[in-house]
Amino acid sequence: MSKFQIFSEQEIDSLRKGGKILRSCLNLVEGMVSPGVTTLELDQAAEKFIRDHGAVPGFKGYRNFPSTLCTSVNEQCVHGIPGEHQLKEGDIISVDCGVIFDGLYTDACFTAAAGEISSDAKKLMSVTKLCLEKVVEKLREGVRVGDISALIQETAEADGFHPVKALTGHGLGKNLHQFPDIPNLGDAGTGPKIPAGTLLAIEPIISAGSDSVEAGEDAWTLSTSDKALCAHFEHTLLVLEGGCDVIA
Ligand code: MG
Ligand code: MG
């Protein structure tokens, strides 16, 4: 499908409910991030929370992904598989999660610190979060896809960081990934204009070093090719005439 999906009021109501479950789930998991916890423990807590609230994990089974969360540690950018890996003091972890509620997807991610982290890691996290916050401020009906891409790129590069080239934000709704792709770098004034009523997952994925990624042995985990730290924040946003709503 190469056009924007527009939602009914009833669907928007479902998206808000699903988004609330997803955000509450991520808040729970963020509170658990600390040295010693395993990524599997985070995953199990997330799956239980989502199912207890009448929703379905959006990633589990998607293209055979085995888990509720993607847990990506340090140089891992996306799609890390939860397991027996124990976080240690100084790690950063990106926790990405999707939820299906009433047949509609929401998708969100945060990066958090296990204990005390380096000042470089703190800077990377805060700049990545700023990339997302700037999009939330700017996004409204009529903004072009390239405007979002350029804003993320400028914000990251202003502090010497680099958006990962191969990974993009995306439309979502009936599918987890649908039109349009939203690259994290590009030129303002290019790409389609975004209509009101569109749902977008905006997700700056920012590297402290290389902007290219390599797949791990599990064929899922993507890490920076030079092992530089990577951070990732994501909101599901509903585009409105005069701004946007954070759905998750
Ligand atoms: Mg995500
Ligand atoms: Mg996403």
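Donors here are N, O and S atoms within 2.8 Å of the metal, or 3.2 Å for Na, K and Ca; water is not among the atoms, so sites may look incomplete. The model is predicted: local features need pLDDT of at least 70, side-chain atom pairs count only at pLDDT 80 or more, and totals for chains, interfaces and linings use all residues. Residues are numbered from 1 along each chain as its sequence is written, chains are lettered from A and ligands numbered from 1 in the order in which they are written, and side-chain values use heavy atoms, with hydrogens and water left out.

I start with the metals. Helices (H or I, at least four residues) and strands (E, at least two) are DSSP runs, numbered from the N terminus.

The magnesium ion (ligand 1) is coordinated by Asp96 (OD), Asp96 (OD), Asp107 (OD) and Glu234 (OE), at 2.0 to 2.6 Å. Its donor residues are spaced D-x10-D-x126-E in sequence. Asp107, in strand 5 (residues 104–113), and Glu234, in the loop between strand 13 and strand 14, are 127 residues apart. The magnesium ion (ligand 1) and the magnesium ion (ligand 2) lie 3.1 Å apart, with Asp107 coordinating both.

Buried means under 20% relative accessible area, exposed over 50%, and partly exposed in between, with a 1.4 Å probe and protein chains only. His170 counts as buried at 2% relative accessibility, and Glu234 at 0%.

Next, His232, which is in strand 13. His232 counts as buried at 1% relative accessibility. Its side chain makes a polar contact with the side chain of Glu203, at 2.8 Å. A polar contact is a pair of N or O atoms within 3.5 Å; within protein, one must be able to donate a hydrogen and the other to accept it, and residues adjacent in sequence count only if both atoms are side-chain atoms.

Now strand 9 (residues 199–202). Which of its residues are buried on each face? Leu199 and Ala201 are buried on one side, Leu200 and Ile202 on the other. Strand 9 runs antiparallel to strand 7, joined by two bridges, and antiparallel to strand 14, joined by four. Two strands pair if DSSP finds at least two bridges between them. Gly171 stands opposite Leu200, and Ile202 opposite His235 in strand 14.

That leads to the packing. A nonpolar core is a set of buried Ala, Val, Leu, Ile, Met, Phe, Trp, Tyr and Cys residues joined through side-chain atoms within 4.5 Å. The largest has 53 residues, of which Leu139, Ile148 and Ile202 touch the most other members. Helix 3 (residues 119–138) gives the largest share of this core, seven residues. Apart from it lies another core, of 14 residues, including Leu104 and Leu199.

Last, helix 2 (residues 39–52). Its 14 residues should span 20 Å at 1.5 Å a residue, and the end C-alpha atoms are 20 Å apart, which agrees. The expected span is 1.5 Å times one less than the number of residues. Gly54, which follows helix 2, has a positive phi, near 80°.
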